[in-house]
Amino acid sequence: VTKSFVKSFCEDQQGNIWIATLGELICYNPSSEKTEHFNEKDGFANTFFYGVLEANDHKIWVSSNKGLACYDPQTKKVKNYTVLDGLQSNEFNTGAYHKMKDGRLAFGGINGLNIFDPTALSYNPHKPKIVFTNFMVDDKQSQLDTSIFYKKTIDLTFDQNTFSVEFAGLEYTSPESNLYAYMLKGHDKNWVQGGTRRFARYSRLTPGRYEFNVKASNSDGIWNEKAAVIVINILPPFYLQPWFLIVATLLAIVLIFFISVWILRVRYRTKLHQLEVNQKIQLERERISRDLHDHVGSQLTFIINQLDGSNQQIMIEEHLTDARAAAMQTMGNLRETIWALHRETITIIDFTDQVKEFAMRQLKSNPTMQLDFNEKIRINHTFNPSKALSLFRIAQEVINNAVKHSGGHQLSIDIDYSETRFKLTIADNGKGFIVDPAKQTGYGLQNIAFRAKEIDALFTFSSTPEQGTKVALSMIL
């Protein structure tokens with residue numbers, strides 16, 4: 001079914017109905033009900049068809065606005081004829097077609113009548129030879145060292161990546177009807193049908209090796225499959241050429257080597273310096289530990305013994321109790337200092353146990369307060385002694401204040417540690433107080449803030465009357 005105007009139709013010897021329309025040629029087989037459509041894509045010069053006839057050799061002839069066309073159902077090929085082949089005109093008329101008894105065909109056009117015997121037509125057997133005639137770069141004449149006719153290879157720089165090649169098929173029966181096809185290997189995937197155009201243009205190609213192939217057919221469609229070939233090399237810029245990449249790679253390897261050596265030396269010197277510092281620190285720790293234990297500790301022990309002895313009778317009982325408690329607290333602080341300084345490292349678990357033991361010890365003086373201790377330790381990290389001692393002193397300060405001054409009945413301690421962050425939270429449900437941000441006095445806030453700053457920890461504090469107090473300390477490890 002077609003929407004075009006039907007101009008003529010005929011039945012061939014096989015029973016097929018050929019229909020010429022102003023748009024396409026149609027072949028319909030009544031037996032199989034199969035329909036075929038033909039247009040310029042099949043090789044016809046024009047699809048404004050006027051008349052259609054079958055010749056005695058079973059080929060189909062049609063007239064159009066661009067001459068006559070012969071379609072061979074066996075080979076599926078089309079041969080077009082124009083005024084260059086002897087037609088009266090390229091334009092034919094509607095209804096001006098006839099097949100004579102002797103097999104000759106007649107087609108009428110605007111300048112007369114053409115009568116011919118299709119079986120008597122001969123075909124040109126000569127295959128055109130292809131030659132290159134010109135080469136242009138950036139649409140300008142290229143200055144080659146010899147004629148393009150003799151060139152096999154052309155080298156271009158990376159910025160000469162737009163070029164055109166001109167060629168010709170040497171067959172002069174009807175040279176204006178010669179057809180051409182070309183392909184640039186490395187760019188085109190298939191042959192490009194150029195028709196009668198005798199040049200090809202390519203632009204903005206990437207550097208690389210290309211092979212330009214071109215072949216031609218004569219006016220009767222006989223192709224010379226032996227293509228003419230010319231190699232075109234577009235050279236990359238110097239920084240993409242192999243020699244430069246090799247040199248750059250070698251230089252990069254040498255540079256990486258020297259940088260690695262330098263980094264290793266820096267690390268070695270840093271480690272050596274750290275070992276020296278750690279050794280000095282360790283010696284100082286041992287000295288301080290011995291000094292505290294041998295001198296201050298022994299003196300405090302002596303005081304405690306004296307307070308427990310006979311001299312206690314001549315002192316006021318209340319003062320004796322306070323003195324003894326102060327001495328015991330000093331002794332405890334010394335033990336905790338020795339605990340921290342006597343070790344090379346302190347683990348999270350050791351620190352947690354020490355805080356828990358201290359809190360339980362302090363709660364003995366306030367039986368009404370209960371301890372809620374929670375710990376989430378995902379990995380047993382280690383602290384250096386000075387950082388562990390600072391953390392413990394902060395915990396001491398907060399716990400002491402909560403036990404002595406909060407008036408609450410619950411003390412909550414949470415220790416949460418992941419691979420990257422340590423967090424200590426101490427809270428009570430006591431009476432709380434109104435916080436003065438300008439002063440931050442009371443509750444040992446200044447001392448706690450100072451210690452937190454020393455170990456690069458984030459200190460937060462909140463308190464609400466009758467709702468308790470909360471102190472949080474977080475640190476990135």
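**Figure 1. Strand 3 pairs with strand 4 (residues 34-38) in the antiparallel sense over five bridges.** Strands here are DSSP runs of E with at least two residues, helices are runs of H or I with at least four residues, and both are numbered from the N terminus. Two strands count as paired if DSSP finds at least two bridges between them. This is a predicted model, in which local features need pLDDT of at least 70 and side-chain atom pairs count only at pLDDT 80 or more, while totals for chains, interfaces and linings use all residues. Residues are numbered from 1 along each chain as its sequence is written, and side-chain values use heavy atoms, with hydrogens and water left out. Cys-27 has Glu-36 in strand 4 as its bridge partner. Four residues separate strand 3 from strand 4 in this hairpin, and Glu-33 in the turn has a positive phi of about 60°. Strand 2 (residues 17-21) also runs antiparallel to strand 3 (residues 25-29), the two being joined by four bridges. Ala-20 is bridged to Leu-25 in strand 3. Strand 2 and strand 3 make a hairpin as well, with three residues between them.

**Figure 2. Ile-399, Ile-413 and Phe-422 touch the most other members of the largest nonpolar core, which has 36 residues.** A nonpolar core is a set of buried Ala, Val, Leu, Ile, Met, Phe, Trp, Tyr and Cys residues joined through side-chain atoms within 4.5 Å. Buried means under 20% relative accessible area, exposed over 50%, and partly exposed in between (1.4 Å probe, protein chains only). The elements that give two or more residues to this core include helix 3 (348-363), helix 4 (385-405), strand 24 (410-417) and strand 25 (421-428). Helix 5 (445-454), strand 26 (458-464) and strand 27 (468-476) are also on that list. Helix 4 supplies the largest share, nine residues. Apart from this core lies another, of 24 residues, among them Ile-148, Tyr-202, Ala-228 and Ile-230. In soluble globular proteins, nonpolar side chains tend to be buried together.

Figure 3. Phe-358 counts as buried because its relative accessibility is 5%. Between the C-alpha atoms of Phe-358 and Asn-400 the separation is 9.6 Å, although the two residues are 42 apart along the chain.

Figure 4. A salt bridge is a side-chain nitrogen of Lys or Arg within 4 Å of a carboxyl oxygen of Asp or Glu. Eight are found in a search of the whole structure. Asp-102 is partly exposed at 45% relative accessibility, and Arg-104 is partly exposed at 35%. Lys-185 is partly exposed, at 39% relative accessibility.

**Figure 5. A nonpolar surface patch is formed by Phe-238, Tyr-239, Leu-240, Trp-243, Val-247 and Leu-251.** Patches are made of residues with over 30% relative accessible area and no salt bridge, with like charges joined within 9 Å and nonpolar side chains (Val, Leu, Ile, Met, Phe, Trp, Tyr) within 5 Å. Together the six residues have about 640 Å² of accessible area, computed by the Shrake-Rupley method with a 1.4 Å probe, where for residues only the protein chains shown count as cover. Tyr-239 sits in the loop between strand 20 (223-234) and helix 1 (242-308). At 43% relative accessibility, Tyr-239 is partly exposed.
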